[in-house]
Structure formats: structure tokens, C-alpha cells
Amino acid sequence: MSYFIGVDIGASTVKLGLYESVQGIIGVRKDYPSRANEGPGATMEVIKAAVTEILAEHGVSPADLTGAGACCPTPVDLEGMCVYPTNIDESWLGVNVKQILSDTLGVPAVLLNDGDAAAYREYRVRSEKGEASPMMVQLITGTGLGGAIIVKGDLLVGPLPATELGHIQTDSSSDADLCGCGSTGCAEMKSSLMGLRNLVRRRQEAGDVPAELQGDPMAVAKTLRRLVQQDTPDPAGTEIWKTYFTNLGSLARIVANATGCELIVISGGAQEREDGVSRSAFQRDLDNANLWTRVNLETGF
């Protein structure tokens, strides 16, 4: 039997899962602190210990591990080199992540940007259901804003990282937020966890902040999904989400006009249901998100 390990390297968490060529996914996903801010070496230590633990849990010999498939939240070139570490840590700049992962585990590795990996799986699932589109774009909201383009079943890639859709400018105002890529007004700065942080900070700077929006902007940003998924949604939180999804719709409009794609899929943390939230409250929140996104998506066609 051939076993493979799947690794999702994130700025705060590394997620791993075991896969066998016949059985498919084995067990459940395991999450560990990534220690990415300590550098790639620290993250590789986490991954090595985690893989040892997972293999032992399922009675798999390390000698039976065939390969590793990984993704990370940074633009990477065709060789697996991190070109700029906007969403992880500057210590990853110029690091061949694919190579050090292969060296760490002693097996061949493949590496994709996490947005590319998510989009490719989305395409495969839709293809199996007969719902695939010849030209599909996916936007993935998380700590940052990833994206990918799939044309006739193939990821659109080149010798240099491409389709960094989160870094398309959607805010041209004079006080637009500075992005980690060095530009200002990127879609990521209003439509991601970092974007929510910026929106909270701006609301705080404007004054008259309700109690639920007080405190560290990033900590508050992490509570906003819960605030709007209550049976009685928080008005201040709802206004922030409206800005969030309207900006996401603006990005979708730009991408649709530029590519002529037939399908745009939006996924990621912003669309997930909080634990304990009723389905009716979640559906209302999702309907609102779809409305705010589509209003800006359809404007200007």
C-alpha cells in the first residue's frame, strides 16, 4: 500500500492528514501550532513530529510513506520557492519549501499555493458531479485572500507566481490600507481576517465604538462571525461584514471582466458556520453575504 501525507502550512496552524491510494483518507485531520514566525526550520520540526505521531496512530511504518503533498499561504514558483512571504513570515523569503519538506520527511514532495490547492480540489469535486466549468475562478477568504484560475482542468500557472487575486486593487482612496505586498488598497485589506482587523481598527478610530468592537482589532475581528450569526445580529458587526462582502464583490467583478470566466466560487472561513449557531441564523447571514457580494459583482457589467 502507498501512503501519502497531506500538509497545509499556515501562519498560525499546520494541518495534516493521512491518505492511502486505495482506502482514501484515513482518520481525521490533525492541527498543530505551526511556529511559522520562528522560521521554516521550526515549522519543519512540527511537521516531522506530527507525521511520526500520525503514522504511529494508524500503525503505518515510516518506510511505507510514499510522498507528501503540501500547500502554503505564500506565492511560490514552479520549483517550490517562496517568492514573498506576505501571509506567513519574512523568514520564509527565498526558501525552497518543497525541498526542505522533502528533506524533512525523506520522501518526494509537491507544493502548491494554498489558494491553488483549494481551487483544484473544488474543480475536481465539481467535475465528478458533472458541474465543472471550462473557466473557473476561486476566491478563498482566510487570514489573507487567496485565489486561483482553472482553465479546462488545469491551474493557470507560469514560471513566476500568478493569479494573486487578493492583491488586485479594489480601494483607490487616498487613505487605503497598506498591504504586506507593498501596495495599497489590495482586496485582501478589506476581505480577509486581516481585512476585518482593518475595518475594526477604522471603526475604532472613528470613535463611538460599541462594547463588542472594543479591544485589540485582530481579537475583535475573530469574534465578528459569531456576532452576525446570532438570532439577533449585532448591527455594528453587520455593517463591517457588509463592507467586507461588498469589497469582495468588487474584486469578483474585476476578475470576471478580466478573465471572462463562467464560474466564480467563493469559499473560506468567512462562509463557515459558528459552533452552536442555528441553521436559520446562518442561512440568513449567508443570504446577506451573497446579496452584498452580488450587488457589487453585477454593477458595471
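**View 1. Arg 35, a partly exposed residue with a positive phi**. Arg 35 has a relative accessible area of 31%, so it counts as partly exposed (buried is under 20%, exposed over 50%, partly exposed in between, with a 1.4 Å probe and protein chains only). This model is predicted: local features need pLDDT of at least 70, side-chain atom pairs count only at pLDDT 80 or more, and totals for chains, interfaces and linings use all residues. Residues are numbered from 1 along each chain as its sequence is written, and side-chain values use heavy atoms, without hydrogens and water. Phi of Arg 35 is positive, near 55°, though the residue is not a glycine. Most residues other than glycine have a negative phi. Arg 35 sits in the loop between β3 (24–33) and α1 (40–57). Helices (H or I, at least four residues) and strands (E, at least two) are DSSP runs, numbered from the N terminus.

**View 2. Lys 152, an exposed loop residue**. Lys 152 lies between β7 (145–151) and β8 (154–155). Its phi is positive too, about 50°. The relative accessible area of Lys 152 is 70%.

**View 3. Helix α4 and its buried residues**. Buried residues include Met 194, Leu 196 and Leu 199. The buried residues of α4 pack against α5 (217–221), α6 (224–228) and α7 (235–259) (contact means heavy atoms within 4.5 Å).

**View 4. What follows α4**. Gly 207 comes after the helix, with a positive phi near 85°.
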